[in-house]
Amino acid sequence: MISLQLSDLARVLGVAVQGTDAPITGLAIDSRAVTTGDLFVAIRGDRVDGSDFIEKALARGAAAVVSSQALSQTIPHLTVADSGTACAAFGRLARASFDGVVVGITGSAGKTTAKAFLAAICACTDRTVATDGNQNNELGVPLTLAKLLSAPQFGVVEMGAAQRGDIAHLKNMALPQIVVLLNALEAHVGRFGSLDNIVATKGEILDGLSPSSVAVLNADQSNFALWSARAQPARIISFGWTTAADVRVVGERSNGFAGSQVELDLNGSNVSVRLCVPGKAGVTNALAAAAAAIGLGIGVDKIVEGLESVKPVAGRGNSVTLRDGVTLIDDSYNASPSSVIAALDVLSTSEAPRTAVLADMLELGDEAVSYHQQVGRYISKLGIERVIAVGELSRHIGEHCSLQSIYFQDADALLGACPTFSKNETVLVKGSRGMHLDRFVDAVTISLGETTC
């Protein structure tokens, strides 16, 4: 275990240590997550002020505190102008003390799944830390970097963006030796203004690489050549379905939402892998992780072992078996046009009857209505028996779908109606997180009763 001194952080921030100096072995911004030896950074948010939870953090073993408010307690602490800046500085200090390998992952979709695949592969080889959940922003990345103080061999860091410059900021904090760029898609295009801005923002992870760096790039993306040039002089390892990719699919047999049996070419080594993560997107994310593992020098047997160990997580395509053979596919965590269409493709391979419960895809800008109309027309082509549309934008899905459709204004209205499902029906639930379809998943799971397989 590596420890930093509170005075190390104070020196970087240009402030004085209040109270005594203290060794720090971790970082927390939630008092409930504090463990002994942590630095608790009190973040003031729109609804919650972390300073209100300092006593709880100390009771759980926090060694020191950082706050934007002056504290009267005689505890080791720093008073700073911006607690977020203090988190970033601590993350950089933790990274500077680490002599293992850091991998940074970004993209419009698939980051969390690709991270899970790569972390599992790395864990088959040596001690590994990785981003928890979706803690991939300016506060989440320092939390991940702080875990490097436990002295693992590998760190896998997921990086998200809300605006131009975000990926550059996170990359400069994490200093990954290997970077993975999955894709640039229309998700959140309303926030970024254009797809070109998304392409440029995701590409920030490629800037400033050295000849000893590795850039793992999606050969199926139209921006592959652009990103390859931007990554120079790094070594490029490509992945994808194209025969030109270094890591590619040779053959695939879909098992629907149960996953896929795939034959992969791992830079010249052919292997068979049973993936539990469903759909073509799941396979692509596995390819990205395998390519990164090759960049790390991990053997093929460990790559296969790691890929086969990963299961879908709640809200990201996990299957729940309910009474009367109803299969609920919980993909409620997020949605974009590309990810919805990919999930519908998998649903179309299931036996009838099938229902797609689809809520609004948010942050799509001026083309939002058009994207929802396209999804409606696509469902018609697939022949899925029923669509339940939730939200004002999703009304356009139902209106442009020639199949049976039901519309609800929001999740509350959906819950109030309590739609029923037929025996052995497969139900896909997908929408942007802000539409709260996770509440519907919980309600259906309780009403029909989860069974064990």
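Entry 1: I began with L27 and looked for its bridge partner, which is L39 in β4. I count two strands as paired if DSSP finds at least two bridges between them. My helices (H or I, at least four residues) and strands (E, at least two) are DSSP runs, numbered from the N terminus.

A note on what I am reading: this is a predicted model, in which local features need pLDDT of at least 70 and side-chain atom pairs count only at pLDDT 80 or more, while totals for chains, interfaces and linings use all residues. Residues are numbered from 1 along each chain as its sequence is written, and side-chain values use heavy atoms, with hydrogens and water left out.

Back to the sheet. It is open, has 4 strands in the order β3-β4-β5-β6, and its pairing is parallel. At the edges I find β3 (26-28) and β6 (77-79), each of which pairs on one side only. From one strand to the next the twist averages 20°. For angles, I use axes that are lines fitted to C-alpha atoms (for helices, over the stretch in contact), and the angles run from 0 to 180 degrees between N-to-C directions.

Which helices touch this sheet? Helix α1 (residues 6-13) packs on it, touching β4, β5 (64-67) and β6, and its direction makes about 10° with that of β6. Helix α3 (residues 83-96) lies across β3, β4 and β5, running at about 155° to β4. Contact here means heavy atoms within 4.5 Å.

**Entry 2: the nine-strand sheet.** Next I traced an open sheet of 9 strands, with mixed pairing and the order β8-β9-β7-β10-β11-β12-β13-β14-β15. Its edges are β8 (128-130) and β15 (269-275); each has a single partner strand, so one side of each is left without a neighbour in the sheet. Direction ignored, neighbouring strands are turned by 15° against each other on average.

I checked two pairs in it. Strand β7 (residues 101-106) is joined by 5 bridges to strand β9 (residues 154-158), and they run parallel; I105 stands opposite E158 in β9. The other pair, β14 and β15, is antiparallel, with 7 bridges, and L266 has S269 in β15 as its bridge partner. The hairpin of β14 and β15 has 2 residues between the strands, and N267 takes a positive phi near 55° there. Helix α11 (residues 300-309) lies across β14 (260-266) and β15, at about 15° to β15.

**Entry 3: two helix pairs.** How do α4 and α10 pack? Helix α4 (residues 111-123) and helix α10 (residues 279-296) meet at an angle of about 40°, with their axes 8 Å apart. They are therefore oblique to each other: angles under 35 degrees count as roughly parallel, over 145 as roughly antiparallel, 65 to 115 as roughly perpendicular and the rest as oblique. On the α4 side, the contact includes F117, L118 and I121, and on the α10 side A286, A289 and A293 are among the residues. By class, I get 11 nonpolar, 3 polar and no charged residues. The classes are nonpolar (Ala, Val, Leu, Ile, Met, Phe, Trp, Tyr, Cys and Pro), charged (Asp, Glu, Lys and Arg) and polar (the others, Gly among them).

The second pair is α12 and α13, packed at about 10° with their axes 11 Å apart, and therefore roughly parallel. Here P337, V340, I341, L344 and D345 in α12 meet Y371, V375, Y378, I379 and L382 in α13. That contact has 9 nonpolar, no polar and 1 charged residues.

Entry 4: Where are the cis peptide bonds I noted? One joins Q232 and P233, with omega about 10°; P233 is in the loop between α9 (224-231) and β12 (235-240). Another runs from A352 to P353, with omega near 0°, and P353 lies in the loop between α12 (337-347) and β18 (354-359). I also marked E363, a residue other than glycine with a positive phi, near 60°. E363 is in the loop between β18 and α13 (368-382).

**Entry 5: the whole chain.** Along the principal axes, its C-alpha atoms fill a box of roughly 70 × 55 × 45 Å.
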